[in-house]
Amino acid sequence: MSNNHLLRIENLHKSFGNNEVLKGISFHLNVGETKVVVGPSGTGKSTILNHINMLVPPDQGHIYLENVDVTTTTDIHKVRQEIGFVFQDFGLFNHLTAKGNVMIGLLRVKKMDKKEAEELALFELERVGLTEFANSYPAQLSGGQKQRVGIARALAMQPKLILFDEPTSALDPELTGEVLTVMRSLADEGMTMLIVTHEMGFARTVADEMIFMEYGKIVEQAPPEKLFTNPEQKRTKEFLFKLTELYSEGEK
Amino acid sequence: MEGALVTVRLAIVSMLIGFIFGLPLAFGQVYGNKFIKGIISIYERIARSIPLLVILFLIFYGLPRMGIRLPEFLAAVLALGLRSAAYQSQIYRGAIQSVSGSQMRAALSMGMKKFTAFFYVILPQAVRIAIPPIGNESAILLKDTSVVYAIGMSELLRQGFYIFTNNGEATTILLAVALIYYILTMIINKLLSLFEKKYKIPGIGIEVGVNE
């Protein structure tokens, strides 16, 4: 196998009760690549992300981070340190300041000393443009700022890969922009990212490749230009057309 | 009044026992497997449906039949504490569940172990949420300590009895006893609300909007 595959997913299956959410998903991610997963709601996009760091174990299939099989590893905590996760609902720790949120993983997981952790936390907050909010608590921040703290928190762990689970779905359009800007700059810096989103404009410009999923299967996978202008599947075209229209209308 | 002192000691130690047992019970109820959850819920049902006096008698008069004879104070705090543990665990369980969920997921996703996440992320917030109901429980517990007079301990109420059997002024003495309970309860409430204010998370609750 190629050493360039940072993440390799093979034949994932998952059912919740009688509902088969994933019906054999395989793809891979190279170092420095940004892939965006799109598709209608309920097609299992977020489930894939939850499988990758084993917050929810798959029923079948394998996931390799470099050469480690995530699904069978004995030290999942170690693997999770290397995979950042940015949540739709932010998942910030409400009793800690922005800085505290970024530091806690460094202190409690990486066992860094306090001073070092603080420096790194401030550095990461600067990266997402929140230096002046370092001492604010989540309840004092806007949604966009919260999500940027979420991103800084993921970055601070120096992950090999960051997963974004609809990072802007809980934000109004005005705040979406500031989060997407941060994500775009990460992509430019060469961070490896797997993003589930409905932001087609963003996906089109940032993704190296897009994965279109429906009913638990990958319908089509291609660079965005090809997917948008000349998709092989009729269904891809319908979906992208509908979404693009929907969102560009929302943006005005 | 040394009776009041005994009452206070009883209340504090029982509350602590309730905390020491109640918190793990709550942890088990939220994160445990079916078996653990089952056992805990049986314990709680029992502890909450038997009158305190009966629990006390069982421990003080019942256990010696099995060869375990406990001193009065220990029997008293065990009865009060074990029962309080059941109530306290319900309080903590609710508090834990109201914080858990997405924050637990976020903590785990950083590579934190479940227990670390519980300790550093969930617990600090749950404790804050639990303060008001815990104040309630302490107030109830403080007054419930009066039942231990039934096994002959001289706490506040019994000391009151001593005095008025000696000089006959029952009403005055009982009112004085009531007043002391009242003052003690006030002190607990005051302390807890100070604690609540001190550890308030900025931006949550009434203070919303204070930030620029």
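As a predicted model, it has local features reported at pLDDT of at least 70 and side-chain atom pairs at pLDDT 80 or more, while totals for chains, interfaces and linings use all residues. Residues are numbered from 1 along each chain as its sequence is written, and chains are lettered from A and ligands numbered from 1 in the order in which they are written. The predictor gives the complex an ipTM of 0.88 and a pTM of 0.82.

**Confidence in chain B**

- The mean pLDDT of chain B is 86, with 95% of the residues scoring at least 70; pLDDT is the predictor's confidence in each residue, from 0 to 100.

**Chain B overall**

- Chain B holds eight helices and zero strands; helices (H or I, at least four residues) and strands (E, at least two) are DSSP runs, numbered from the N terminus.
- Along its principal axes, the C-alpha trace of chain B spans about 70 × 50 × 20 Å.
- Of the 212 residues in chain B, 33% are buried; a residue is buried if 20 or more other C-beta atoms lie within 10 Å of its own, exposed if 12 or fewer, and partly exposed in between, with C-beta atoms placed from the backbone.
- Of the contacts in chain B with a separation of 6 or more, 76% link residues 24 or more positions apart; two residues are in contact if their C-beta atoms, placed from the backbone, lie within 7 Å.

- Helix H3 (residues 52-62) of chain B has B:Ile55, B:Leu56, B:Ile59 and B:Phe60 as buried residues.
- Seen down the axis of H3(B), the buried residues fall within an arc of 115 degrees, so they line one face of the helix; the arc is that of the directions from the helix axis to the C-beta atoms.
- B:Val54 and B:Tyr61 are exposed, on the face of H3(B) turned away from its buried side.
- The packing partner of the buried residues of H3(B) is helix H4 (72-99) of chain B.
- The largest nonpolar core has 123 residues, and those with the most contacts inside it are A:Ala152, A:Leu163, B:Leu56 and B:Ala76; a nonpolar core is a set of buried Ala, Val, Leu, Ile, Met, Phe, Trp, Tyr and Cys residues joined through C-beta atoms within 7 Å.
- H4(B) supplies the largest share of this core, twelve residues.
- Not counting residues up to four places away in sequence, B:Leu56 touches several residues, among them B:Ala75, B:Ala76, B:Val147 and B:Ile151.

**The antiparallel sheet of chain A**

- Four strands of chain A make an open sheet in the order E2-E1-E4-E5, with antiparallel pairing; two strands pair if DSSP finds at least two bridges between them.
- Strand E2 (19-30) and E5 of chain A are at the edges, each with a single partner strand, so one side of each is left without a neighbour in the sheet.
- E1(A) pairs with E2(A) over nine bridges, and strand E1 (residues 5-16) is joined to strand E4 (residues 60-65) of chain A by five.
- A:Arg8 stands opposite A:His28 in E2(A) and opposite A:Tyr64 in E4(A).
- A:Tyr64 in turn stands opposite A:Asp69 in E5(A), and E4(A) pairs with strand E5 (residues 68-69) over two bridges.
- E4(A) and E5(A) form a hairpin with two residues between them, and A:Glu66 in the turn has a positive phi of about 50 degrees.

**A:Ala207 in its loop**

- A:Ala207 sits in the loop between helix H7 (200-206) and strand E9 (209-214) of chain A.
- A:Ala207 counts as buried because it has 24 C-beta neighbours inside 10 Å.
- Leaving aside neighbours within four places in sequence, the contacts of A:Ala207 are A:Thr34, A:Lys35, A:Val36 and A:Pro224.

**Where the chains meet**

- Chain A and chain B each bring 21 residues to the contact.
- On the side of chain A that touches chain B, helix H2 (76-81) and helix H3 (98-108) of chain A each supply at least two residues, and H2(A) gives the largest share, four residues.
- By class, this side of chain A has nine nonpolar, eight polar and four charged residues; Ala, Val, Leu, Ile, Met, Phe, Trp, Tyr, Cys and Pro count as nonpolar, Asp, Glu, Lys and Arg as charged, and the others, Gly among them, as polar.
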